[in-house]
Number of protein chains: 2
Amino acid sequence: MAVCAALADEELSELDKIMTSRHLAPNEMLVSEGDPLHRTYSLTAGMLRLSIALPDGRRQITGFLLPGDYLGLADEDVHSSTAEAIGSVQLCSFSTREMHALMERYPKLKDRLHSFTRSALRQARDNQMILGRLAPVEKLASFLLALSARAAEHKLSANPLSLPMSRTDIADYLGLTIETVSRSFTKLRNTGMIRLPDPQTVELIDMSALEAVAGINVH
Amino acid sequence: MAVCAALADEELSELDKIMTSRHLAPNEMLVSEGDPLHRTYSLTAGMLRLSIALPDGRRQITGFLLPGDYLGLADEDVHSSTAEAIGSVQLCSFSTREMHALMERYPKLKDRLHSFTRSALRQARDNQMILGRLAPVEKLASFLLALSARAAEHKLSANPLSLPMSRTDIADYLGLTIETVSRSFTKLRNTGMIRLPDPQTVELIDMSALEAVAGINVH
DNA sequence: CGAAACATTGAGCCGCGTCAAAACGTGTGG
DNA sequence: CCACACGTTTTGACGCGGCTCAATGTTTCG
């Protein structure tokens, strides 16, 4: 569990005391935009999607959380985005009060969470570039490369890459429609850069071609 | 100066010791993407633009910094974006080494910077929604409202709102072309929501109409 | 086996980008 | 003070790419 990576044994057991375990079924909502921030979470298995919605139903997915990622980094007193399970999800839950107390006692813990926050900020800024300036195929290529790189960091399979989220999720993440996402997958497949054994699995065949298409802006 | 807002006198004088003042001419570059992170900055007057560039020259502006804002929040060891002065800029500069040392001695300082980082993350995520899901007029409306709100927070004029940045900058921030930005200004003007005494000045006439157009996603 | 959900493919249209020109504002020099 | 030139913004005309609407294909589950 990645929050604890910087902690000594004594600190770990303290963290363990205030932690409770929780399971989410596929598509179960964990928190909703605007909910008061009572608990924060650390993902141990599965994938979460973070999203913001407009009054008229339009949705923007701001990120996907992988095992080891932390939920609640951006927020001060209310959740700024909705978090839902994509597949089956396992996570640890902490009361923010107790977590804050623990952070005061163990500065390493605080530093670690802040390092997470900085990393999330860098990623959000890269996403701004992707959303604002890339064409659909470029968006998809950079999405696949970034996800593959993160999968590797999180000790998951980086090359036959698993895509547990739906095409709709990918579309709402990249600012496209599902049709355009699907067509972009087809283009990447037809140019031999990827293979699609099934819709939730991608093989990245020609990494350097993908990087060229993506503009190598994948940190 | 906003970094110091939470500091006692003794702490302030310590901060003052490690601080050096600096001035930037219009369009002068402060740091470039990839530069090693030796110094961080706190803006005291003027406006900075943060941007990321693609190999082919496409550019995404990830944010505008106002007086009181801090530069270097997201970065670990290199700058992840380019920072340039928009008009004439005045800022305070800190060696990251010394700043880190000071943060260890005064936890309040550290907490304050981390609060800045969280706030920047929330803003970056709102930007993702704006970039991914809003139509041009909606983008512009939400940009104007957000800038006006921030101007108010930073004790600047919120309603006859000053736009020191060029149309190109606004376009690169909103993921549009300058022509579309200009046309969107015209639409907002023709529907009576804003007035444009000159290109760098906007009067927000009908706030609630603007909010409706923007989707009220401006926290 | 049928139904439902999801993904892919197709056809047509509209909006934004592209290219081009005009208007505006500013500063410089005659 | 005017004339001119330059940069920026605005407006116009047009084409293309991605969205919309619709149909087909595929997989999963009851």
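This is a predicted model: local features need pLDDT of at least 70, side-chain atom pairs count only at pLDDT 80 or more; totals for chains, interfaces and linings use all residues.
Around DNA strand D sit 15 residues, and Pro136(A), Glu179(A), Thr180(A), Arg167(B) and Thr186(B) come nearest; a residue counts as near if one of its heavy atoms lies within 4 Å of the strand.

Side-chain values use heavy atoms, with hydrogens and water left out.

| Side chain | Atom of DNA strand D | Distance |
|---|---|---|
| Glu179(A) | base nitrogen | 3.0 Å |
| Thr180(A) | phosphate oxygen | 2.4 Å |
| Ser182(B) | phosphate oxygen | 3.1 Å |

Two or more residues of this surface come from each of α6 (178–190) of chain A and α6 (178–190) of chain B. α6(B) gives the most, with five residues. Helices here are DSSP runs (H or I, at least four residues), and strands are E runs of at least two. Sorted by class, the surface has three nonpolar, six polar and six charged residues.

Now for the inside. The largest nonpolar core holds 36 residues, and Tyr70(A), Met99(A), Leu109(A), Leu113(A), Tyr70(B) and Leu109(B) touch the most other members. Such a core joins buried residues through side-chain atoms within 4.5 Å, buried being under 20% relative accessible area with a 1.4 Å probe, protein chains only. Apart from it there's another core of 35 residues, including Leu66(A), Ile86(A), Leu188(A) and Leu210(A).

Key: Residues are numbered from 1 along each chain as its sequence is written. Chains are lettered from A and ligands numbered from 1 in the order in which they are written. Buried means under 20% relative accessible area, exposed over 50%, partly exposed in between (1.4 Å probe, protein chains only). A polar contact is a pair of N or O atoms within 3.5 Å; within protein, one must be able to donate a hydrogen and the other to accept it, and residues adjacent in sequence count only if both atoms are side-chain atoms. Ala, Val, Leu, Ile, Met, Phe, Trp, Tyr, Cys and Pro count as nonpolar, Asp, Glu, Lys and Arg as charged, and the others, Gly among them, as polar.
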